[in-house]
Amino acid sequence: MKKLSTLILIIIAFVACNDDNIVEEKNEEVAVVKTPPQIKKYGFVLNDFEIVEDTIQPGDSFGNIMGEQGVSLAKVYEISDKVKDTFNPARIVAGKKYMILKARDSAQTPQFFVYEDNKIDYTVVGIGDEITAYKKQRPVSVKKREVSGVITSSLSEAMQDQGLSNLLVYELSNIYQWSIDFFRLQKGDQFKMVYHEKYIDDTIFAGIDRVEAAVFNHSDKPFYAFQYETDSITNKSSYYDDEAKALQSFFLKAPLDYSRISSRYSKRRYHPVQKRWKAHLGTDYAAAHGTPIVSTADGTVIAASYTSGNGNYVKVRHNSKYTTQYLHMTKRNVRNGQAVKQGDVIGFVGSTGLATGPHVCYRFWVNGKQVDPYRQNLPTAKHIEDARKEEYYAYIEPLKRQLENIPYKNI
């Protein structure tokens, strides 16, 4: 009995000792430190730098901008000299955005200067210990769109009614500039398009990539246009109609992208300055002062001069048969003897010479005789070869079907 009592005491002591070793659990809240999300732009993690963002102001220079960030004039000269083949600091343009990335130290030493050439292209200049420069592009995605519209007064108004970019006005008028007279559009004319828009980071609109297919119903006649690659080596493409004929012509319809005809070719017209009846052997296009004037075809400038009647003018010989002339410019953009391509800017709209307001008088010669260009059967570009027509028709078939499935807008 005594031994049993002793054993019970030993067990109790052992349990007591174990109780002393029991750790009481406590519910404690653990503080979680959240890491800020990484902000990336221009290939940099912006969190790693002190950032200065701004826009080039009129009168700003690269030297002044760098000086405000503590970069010495000697360093500015060194940067300008080393990167001149990639980036010319003297050609920064007011209105362009820029960013300066500075080290996160006590001195906040500038490390990089990023200049936005446009919405997509940008230039990175290393301005720290290592001076470098390279060009890059922001990631761009392309989205396919469909649209239709109807003319009530003008093409631009038809686009605005759909909430569309005015860039589409330029695209459509550029495609049809050889086949449709946009100065004679009629109320009720309709159009449909399949086109591609560019977006930066899938959200920021960056312009029109291309128009893939279109049909313009003008004067109850459908004018089709399909973009088709004719040279796989150079990736050159042009627009052709549903019969494999090229839309491009030897001559543009007009020397201005978009304007209005204020006076046509006439054998008898009352001159607003000279106050008498006389022949007007040209076509006047009224446009805003400074609007670019383009050569309507490839050729050579045979005159770039001034007279009291013509004002500043340019004359272009295109071949042995055709010559054009452009009058009343505020400023010429070419010189005598210079070769020009179709669409090159040769001057700007003004009112020099005998002119009552800003416009360009467009004159046209065939075999040395002044004629009305709108009454000429002008040459066109090369059509698709017979050997490739079957391939072309197979290519445009689904695009034509897609256009047909887009309902026309009505007035």
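**Strands and their neighbours**

I began with strand 6 and strand 7, which form a hairpin with three residues between them; strands here are DSSP runs of E with at least two residues, helices are runs of H or I with at least four residues, and both are numbered from the N terminus. This is a predicted model, in which local features need pLDDT of at least 70, side-chain atom pairs count only at pLDDT 80 or more, and totals for chains, interfaces and linings use all residues. Residues are numbered from 1 along each chain as its sequence is written, and side-chain values use heavy atoms, with hydrogens and water left out.

I noted seven bridges in the antiparallel pairing of strand 6 with strand 7 (residues 131–137), two strands being paired if DSSP finds at least two bridges between them. Within this pairing, Ile-127 is opposite Ile-131 of strand 7.

On the other pairing of strand 6, I found five antiparallel bridges to strand 5 (residues 110–116), with Phe-112 opposite Gly-126 of strand 6. The hairpin from strand 5 to strand 6 runs through four residues.

I then asked why strand 6 is largely enclosed by the rest of the structure. The reason is that six of its seven residues (121–127) are buried, meaning under 20% relative accessible area with a 1.4 Å probe and protein chains only.

Lastly I looked up the open sheet of five strands, whose order is 8-9-10-11-12 with antiparallel pairing. Its edge strands, each pairing on one side only, are strand 8 (140–150) and strand 12 (236–240).

Conventions:
Buried means under 20% relative accessible area, exposed over 50%, partly exposed in between (1.4 Å probe, protein chains only).
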